[in-house]
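Here is a short briefing on one protein model. Please look over the sequence and the structure before reading on.

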Amino acid sequence: MTHVASPAPVLTRLGALVRAARDSRPLTSLSGDQLAMGLSGLCLVHCLATTIFFASIASVGGVFLDNHLFHEIGLVIAIGFALITLVSGVLSHGYMMPFAVGSFGLGMMAGALSRPHDGSEVIATMIGVAVVALGHDLNRRARH
């Protein structure tokens, strides 16, 4: 006799997905700080993925994601988000700490661009990105 699995686990997962989609907010309702934190997360994923990729495939070099110009443009975008969100946060809630923390992280990211490509620049960049994300989180919390 063949037993067919109960559809209950599938329906439970489907119900959870429907509830998550219903409770999610559209991208337009995200604050600038939340969007910047998401971009910081993407930056961390990029740093880790690129490092793992090049460590595992040493014969590949100089592709788009390892281009120095790509990282400089990313830093300019990060500075732009910081200027918009962190400065507006200081103007709305009056606390300088989120701006100071975010600026310190941006400085770490900028300094990492000048490091040699021996792996230390990846670590310095990831720490800087995490500090910038912390600044955005502090800013978001101060607004509420």
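The points below cover a helix pair, a pocket and the salt bridges.

The model is predicted. Helices α3 and α5 pack against each other at an angle of about 35 degrees. The largest pocket holds about 860 Å³ of space. The salt bridge count is two.

**Helix packing**
- Helix α3 spans residues 68-93, and helix α5 spans residues 120-143.
- Their axes lie 10 Å apart.
- The crossing of α3 past α5 is left-handed.
- On the α3 side, the contact is made by F81, A82, T85, L86, S88, G89, V90, S92 and H93.
- On the α5 side, G135, H136, N139, A142 and R143 make the contact.
- By type, the residues of this contact are five nonpolar, eight polar and one charged.

**Largest pocket**
- The lining of the largest pocket has 32 residues.
- C43, H46, C47, H71 and T125 are the closest of these to the pocket centre.
- Helices α2 (32-56), α3, α4 (97-113) and α5 each supply at least two lining residues.
- The largest share comes from α2, with ten residues.
- By type, the lining residues are 18 nonpolar, eleven polar and three charged.

**Salt bridges**
- The model has two salt bridges.
- R140 and D137 are separated by about one helical turn, because they are three residues apart in helix α5.

Conventions:
Residues numbered from 1 in each chain as written. Predicted model: local features only at pLDDT ≥ 70, side-chain atom pairs only at ≥ 80, totals over all residues. Heavy atoms only, no water. Axes fitted to C-alpha atoms, helices over the stretch in contact; angles between N-to-C directions. Helix = DSSP H or I, 4+ residues; strand = E, 2+ residues; numbered from the N terminus. Left-handed = near helix turned anticlockwise from the far one by under 90°. Contact = heavy atoms within 4.5 Å. Nonpolar A, V, L, I, M, F, W, Y, C, P; charged D, E, K, R; others polar. 1 Å grid on protein atoms, 1.4 Å probe; cavity = no way out; pocket = protein on both sides within 12 Å on 5 of 7 lines; lining within 4 Å. Points joined across faces, edges and corners; volume = space filled by probe spheres on them. Salt bridge = Lys/Arg side-chain N within 4 Å of Asp/Glu carboxyl O.
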